[in-house]
Amino acid sequence: MPSSMPASRRKFIGDCLGVLGAGGVIGLLLAANARVAEALPAWALRPPGALTEDDFGAACLRCGLCVQACPYDILHLARLSDGVTPGTPYFVARQRACEMCVDIPCAVACPTDALTAPAPGIAAARMGLARMTGPDTCYSINGTAQCGACYLACPVKDAAITMERRSAGGRVYFEPTVNAANCTGCGKCEEACVTEEASIKVLPLALARQDRRGPLPRRGA
Amino acid sequence: MARRHCLLRHRWLLLRRVSQLGLLAAFLAGPWFGLWLLRGNLASSVLLDTVPLTDPLVLLQALVAGHGAQMAALSGAALVLLVYVLLGGRSYCAWVCPLNLVTDLAAGLRRMMGLARGWQMRRHARLVVLGAVVVASWASGAIVWELLNPITVLQRGIVFGMGAGWVLIAAVFLFDLTVSAHGWCGHLCPVGAFYGLVGKTSVLRVNAAARAKCTDCGDCFRVCPEPQVIAPALKPAKPSASPVVLSGDCLNCGRCIDVCDEGVFRFGSRRVLRLHDSSAPPPPT
């Protein structure tokens with residue numbers, strides 16, 4: 001019976017409950033926060049060899065060694081207000097795309113398995129996937145000019161992006177076409193696109209696969 | 001007793017500032033001048049391009065979240081743990097943590113304005129936060145404390161760009177200044193709680209070997225960020241009690257050594273110690 005319980009024990013049990021309650025509430029808040037913060041925005045890409053986004057949040061120590069290892073200063077370490085999980089590395093293809101170093105220094109610098117250099121080499125990296133997001137603004141498709149800037153910029157030449165001959169309404173044009181099996185997601189095409197807002201964009205893999213406008217071939221297909 | 005020279009009264013404080021700022025400078029020398037003494041940041045770094053160092057609490061979160069069992073990270077964390085087992089767990093707080101500059105400023109301002117200690121939570125609240133951080137990392141499968149940790153937000157911000165991080169640092173400063181003396185470091189910070197646990201067995205400890213000379217002036221209690229650790233060593237119930245500050249909460253900051261004009265305190269080992277006066281009986285062997 002509680003009334004017969006010594007005051008010291010009551011206090012002890014009260015303390016324990018208080019501690020457990022406080023810990024639980026803080027824990028839930030932090031967990032919810034972690035979930036929210038994990039989603040990667042469409043404009044941000046991880047360095048080559050990154051784990052899937054779910055695992056990345058557990059493996060990345062937020063140390064910035066990859067950012068400092070990048071010889072082209074392309075990677076950013078997310079600040080509190082950047083919209084990317086704070087302290088994790090990302091780059092914005094439209095600003096500056098990955099140069100696809102053969103030795104992948106960012107992945108080599110990582111102290112955990114958050115970044116692992118792909119064994120077959122940088123061409124096997126899948127930082128994201130290019131999508132023709134603005135076929136109406138693309139100069140090559142809408143007939144403004146024979147552009148092909150994305151095709152020329154693509155480092156996996158004639159494999160990741162090809163210019164496919166199309167004809168519609170008596171008009172012949174060349175459509176930049178992404179071949180998902182070969183696209184590393186480096187972002188060179190998005191960086192090079194000449195329209196005001198890029199007509200071709202590299203999306204994080206999770207987003208690119210969700211895209212409803214057409215089934216995407218799986219990696220290696 | 002006459003007051004000693006001003007420099008002597010701030011000797012350890014000055015050394016601490018040199019250590020804290022020097023460490024920041026070592027992290028900044030690379031990005032600013034191409035002199036890569038330390039790459040990375042306090043979460044994980046590489047010393048002179050050879051020695052890996054990793055914050056054990058960050059790695060612990062990664063491990064319970066299901067990752068991080070990689071050689072570089074594990075050996076780096078083991079090395080850091082070894083250093084703090086030798087030099088005192090919360091030496092991190094006093095000698096390394098850049099946020100200590102901010103919270104010390106708040107504490108100093110409180111002392112200057114003569115403010116009372118304000119709202120004082122239980123000291124073990126930080127252990128609850130530490131537990132919550134570990135549980136949340138396990139539950140969410142992510143390193144959760146690094147979303148909020150003001151220590152790494154500040155240090156990462158200085159090295160890699162601050163963004164809105166200043167808001168968080170300002171919040172900690174204002175909390176310590178207006179709500180609770182030593183509120184953040186002393187009651188809430190799970191990093192300090194973690195290193196406090198490490199420090200329970202650490203070798204380097206402050207002792208009050210010359211406690212017989214104490215004049216009850218209270219200078220040490222006023223300046224100490226964790227004053228509860230002093231009494232058991234300085235004013236024990238039994239005269240034969242050990243004069244070593246055994247609590248893991250002690251930061252090894254050396255401020256008590258600085259301010260004591262009677263020279264009661266000094267650094268020493270946890271084990272080897274004799275009382276410095278003949279009147280007190282020796283500690284039990």
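Predicted model: local features only at pLDDT ≥ 70, side-chain atom pairs only at ≥ 80, totals over all residues.
**Helix H4(B).** Select residues 71-87 of chain B, which form helix H4.

Next, display the side chains of Ala73(B), Gly76(B), Ala77(B), Val80(B) and Tyr84(B), which are buried. Turn the view until it runs down the axis of H4(B): the buried residues fall within an arc of 95° and therefore line one face of the helix. An α-helix has 3.6 residues a turn, so residues three or four places apart point the same way.

Now select the elements against which this buried face packs: strands S2 (44-47) and S3 (51-54), together with helices H3 (56-65), H5 (91-96) and H11 (190-198), in chain B. On the face turned away from the buried side, select Met71(B), Leu82(B) and Leu86(B), which are exposed. Then move to Gly88(B), which follows H4(B) and has a positive phi, near 100°.

**The sheet.** Select strands S1, S2 and S3 of chain B, which form an open sheet in that order with antiparallel pairing. S1 (38-41) and S3 are the edge strands, each pairing on one side only. Direction ignored, neighbouring strands of the sheet are turned by 10° against each other on average.

Finally, centre on S2(B) and S3(B), which run antiparallel and are joined by four bridges. Which residue of S3(B) is the bridge partner of Val46(B)? Selecting Pro52(B) shows that partner.

Notes
Residues numbered from 1 in each chain as written. Chains lettered and ligands numbered in written order. Helix = DSSP H or I, 4+ residues; strand = E, 2+ residues; numbered from the N terminus. Expected span 1.5 Å × (residues − 1). Buried ≥ 20, exposed ≤ 12 C-beta atoms within 10 Å, placed from the backbone. Arc of directions from axis to C-beta. Contact = placed C-beta atoms within 7 Å. Pairing = 2+ DSSP bridges. Axes fitted to C-alpha atoms, helices over the stretch in contact; angles between N-to-C directions.
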